[in-house]
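Visitor: I have a chain open here and would like to talk it through with you. Could we start with the overall picture and then go into side chains?

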Amino acid sequence: MGHKYDVPRLWTEQMGAVVAKQDELAAGAYVTGQSLEEMRKAYRTERAFWNEGGPSVASSTDRQVPTRYGQVRVRHYRPDAQGPLPLIVFVHGGGWVIGDVDTHDRITRALCRLTGAAVVSVDYTLAPDARFPQQIHECRDAVVHIREHAGEWGVDPGDVSFAGDSAGANMAAATMLMLRDEGLLPTARAMLLFYGAYGLKDSMSMRLLGGAWDGLTEADYAYYLGQYFADPADADDPYFNILGADFSAGVPPCYIAAVGLDPLRDDSRTLAEILRLCGVPHLYNEVEGVIHGFLHHSKMLDQTMEVLTEAARFHTEHPLHR
């Protein structure tokens, strides 16, 4: 569908070094034609390198939380601070079919360290082992459980934020909207959303960008959606099509990071415009010269920590008004 730009010519020198390292670590990690197990193994192998080192936290503990589908693992990060702490619920990306709390561990540690909040990363059931909306229900149920047992978790049940990258940004926003719509979360502090998919079916960025370097060609994206949805009509559900949701009330301030060389860039641009029209406080940052998934690359890419620091500052500067 349309002409593709020569994206490698447009990315920064650091980004080019990251892609070369990525290919060295696990060539073909983003090829959707292989088996799910091969794809997940390659992704875990490649991400293991990027998760080494980085910011430290006081504790990082894996726990089980009950959901309507059974127990789901979460990873609970705490800074060196006494509770009750603000809570950030993080939902990892990976096209709904790959990734886990390990593949995003450095990102979540950084958010915990930079915000001073407790971070809970949800290890939802991957597609196609589960189909939409089970993943949203699992995240929603995890949040309800943690808030109901806030003393045990050392968090403030009224000070909850939502964060996620890529497919996880979609699910983080959907979880917040579902809780709002059910009247279970009258207030939230913030959403921190990084290069998410929010429901566009076509856009300028989809026409011009995406390739083997990010696993987001049009065929790749169609593959991910095909694994996630049991029914193609789910693409119009407001808990996937975030851009079609109601933003007129109950939406917290939003930090939106987009990527200049990302086929999903225009999803973020459109979300930011909807927030502007609805009067929702927000900060939009479009990061130039990098590709989708750049938050993983803080070992080699300066812009990663700049964006995470900006997101943490946004969280800090938007306390709840109760």
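**Burial, cysteines and rings**

Guide: In this predicted model, buried residues account for 61% of the 322 residues in the chain.

Visitor: What radius of gyration does the chain have, and how does that sit with a compact globule?

Guide: The chain has a radius of gyration of 18 Å, which agrees with the value near 20 Å that a compact globule of 322 residues would have. Along the principal axes, its C-alpha atoms fill a box of roughly 50 × 40 × 35 Å.

Visitor: And how many helices and strands are there?

Guide: The chain contains 11 helices and 8 strands. Among its contacts with a separation of 6 or more, 78% are between residues 24 or more positions apart.

Visitor: Switching to cysteines, how many disulfides turn up?

Guide: Searching the whole structure gives 0 disulfides. For C139, the nearest cysteine sulfur is that of C254, 17 Å away, while for C254 it is that of C278, at 11 Å.

Visitor: Is C139 buried or exposed, and what about C254?

Guide: C139 is buried, its relative accessible area being 0%, and C254 also counts as buried, at 1% relative accessibility.

Visitor: On to the rings, then: which residues form an aromatic cluster?

Guide: One aromatic cluster is made up of W96, F132, Y228, F229 and F240, and the structure as a whole holds 13 aromatic pairs.

Visitor: Which charged residues lie over a ring?

Guide: R63 lies over the face of W153, 3.8 Å from the ring centre, and the charged end of K299 sits over the ring of F49, at 3.6 Å from its centre.

Key: Residues are numbered from 1 along each chain as its sequence is written. This is a predicted model: local features need pLDDT of at least 70, side-chain atom pairs count only at pLDDT 80 or more; totals for chains, interfaces and linings use all residues. Side-chain values use heavy atoms; hydrogens and water are left out. A disulfide is a pair of cysteine sulfur atoms within 2.5 Å. Buried means under 20% relative accessible area, exposed over 50%, partly exposed in between (1.4 Å probe, protein chains only). Rings of Phe, Tyr and Trp (its six-membered ring) pair if their centres lie within 6.5 Å; planes under 30 degrees apart count as stacked, over 60 as edge-to-face and the rest as tilted. A charge sits over a ring if NZ of Lys or CZ of Arg is within 6 Å of the ring centre and within 35 degrees of the ring normal. Helices (H or I, at least four residues) and strands (E, at least two) are DSSP runs, numbered from the N terminus. The radius of gyration is taken over C-alpha atoms; the globule rule is 2.2 Å times the number of residues to the power 0.38. Contact means heavy atoms within 4.5 Å.
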